[in-house]
Amino acid sequence: MSKLFGTDLTGKVAVVTGAGGVLCGMFAKTLAECGAKVALLDRNLESAERIAAEIVEAGGVAKAYATNVLDREVLEEVHAKVLVDLGPCDILLNGAGGNNPRATTTKEYFEVGDIEADTISFFDLDKDGVEFVFNLNFIGTLLPTQIFAKDMIGREGCNIVNISSMNAYTPLTKIPAYSAAKAGISNFTQWLAVHFSKTGIRVNAIAPGFFVTKQNEKLLFNEDGTPTARSNKILNATPMGRYGEAEELNGTLLYLLNNEAASFVTGIVIPVDGGFSAYSGV
């Protein structure tokens with residue numbers, strides 16, 4: 001296998017949650033291309049199996065597992081299977097997450113009369129929807145870390161990479177639960193980095209800016225392929241004037257996993273956002 005950006009992961013076992021999605025599926029392929037044996041964990045087994053098959057066809061080692069990152073018992077069962085199939089985990093990429101319409105407001109700004117109007121205002125946010133978003137993003141990172149990081153204790157060169165978001169720096173309108181949950185991921189990354197610092201486990205995070213995925217595609221583009229009003233606002237606030245390509249996250253991921261280049265790097269969150277976080281709007 002090749003060594004992208006000088007990172008050789010030969011012999012490493014990488015566990016990727018949310019691996020059936022666009023970005024994490026790409027991460028799984030990248031890790032395999034650098035020599036890692038990859039366990040693809042996703043609730044949608046069919047999607048994870050498709051990506052695993054592509055990895056194997058390209059000469060890599062990968063296996064998909066149906067997983068609910070909110071179910072400790074299921075995670076324990078998957079962990080036991082991964083140990084048998086691939087070995088103990090060296091790299092954990094916590095990519096499972098997402099938003100939910102029940103935790104999303106209709107409008108960006110609250111106006112008098114919205115409570116009576118046919119809209120979802122802040123006051124109408126569904127408690128269960130908000131809890132689901134917090135659980136999926138935060139608990140869905142905490143539980144896999146509790147299960148798989150045990151493999152890393154006493155072994156050199158192990159890494160945890162969490163997927164945060166630009167929302168963690170400045171909350172986006174309409175999605176308060178997702179923004180707050182990702183802020184929690186950034187904070188949790190720092191906490192884990194300190195907590196595991198004496199064991200040699202490095203913990204860092206990537207905060208992607210705007211990338212087109214299955215989850216946000218309909219929010220960004222109309223049926224005819226033209227950008228939505230929200231999409232235009234995003235691009236106008238991104239100095240580079242475009243959406244990121246999934247592959248443009250690879251350099252950051254592999255830098256963080258490179259135990260020579262990043263040996264003294266832990267507890268950081270790296271934005272990959274085309275300048276979004278640097279732009280004040282004027």
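**View 1. Phe-122 sits in the loop that links strand E4 (91-94) and helix H4 (127-148).** The model is predicted. Phe-122 counts as exposed because its relative accessibility is 57%, and the cut-off for exposed is over 50%.

**View 2. Phe-122 contributes to a nonpolar surface patch.**

**View 3. Seven strands form an open sheet.** The strand order is E3-E2-E1-E4-E5-E6-E7. Pairing is parallel. Strand E3 (61-66) and strand E7 (269-272) are at the edges. Each has a single partner strand, so one side of each lacks a neighbour in the sheet. From one strand to the next, the twist averages 15°. Strands in a sheet pair through backbone hydrogen bonds.

**View 4. Strand E6 (residues 202-208) pairs with E7.** The two strands run parallel. Four bridges join them. Which residue of E7 is the bridge partner of Ile-206? That partner is Ile-270.

**View 5. Helix H2 (residues 45-57) packs on the sheet.** H2 touches strand E2 (37-42) and E3. The direction of H2 makes about 175° with that of E3.

**View 6. Helix H4 also packs on the sheet.** H4 touches strand E1 (13-17), E2, E4 and strand E5 (159-163). The direction of H4 makes about 170° with that of E4. The loop holding Phe-122 lies between this strand and H4.

Terms used
Residues are numbered from 1 along each chain as its sequence is written. This is a predicted model: local features need pLDDT of at least 70, side-chain atom pairs count only at pLDDT 80 or more; totals for chains, interfaces and linings use all residues. Side-chain values use heavy atoms; hydrogens and water are left out. Patches are made of residues with over 30% relative accessible area and no salt bridge: like charges are joined within 9 Å, nonpolar side chains (Val, Leu, Ile, Met, Phe, Trp, Tyr) within 5 Å. Accessible areas come from the Shrake-Rupley method with a 1.4 Å probe; for residues, only the protein chains shown count as cover. A salt bridge is a side-chain nitrogen of Lys or Arg within 4 Å of a carboxyl oxygen of Asp or Glu. Buried means under 20% relative accessible area, exposed over 50%, partly exposed in between (1.4 Å probe, protein chains only). Two strands pair if DSSP finds at least two bridges between them. Axes are lines fitted to C-alpha atoms, for helices over the stretch in contact, and angles run from 0 to 180 degrees between N-to-C directions. Contact means heavy atoms within 4.5 Å.
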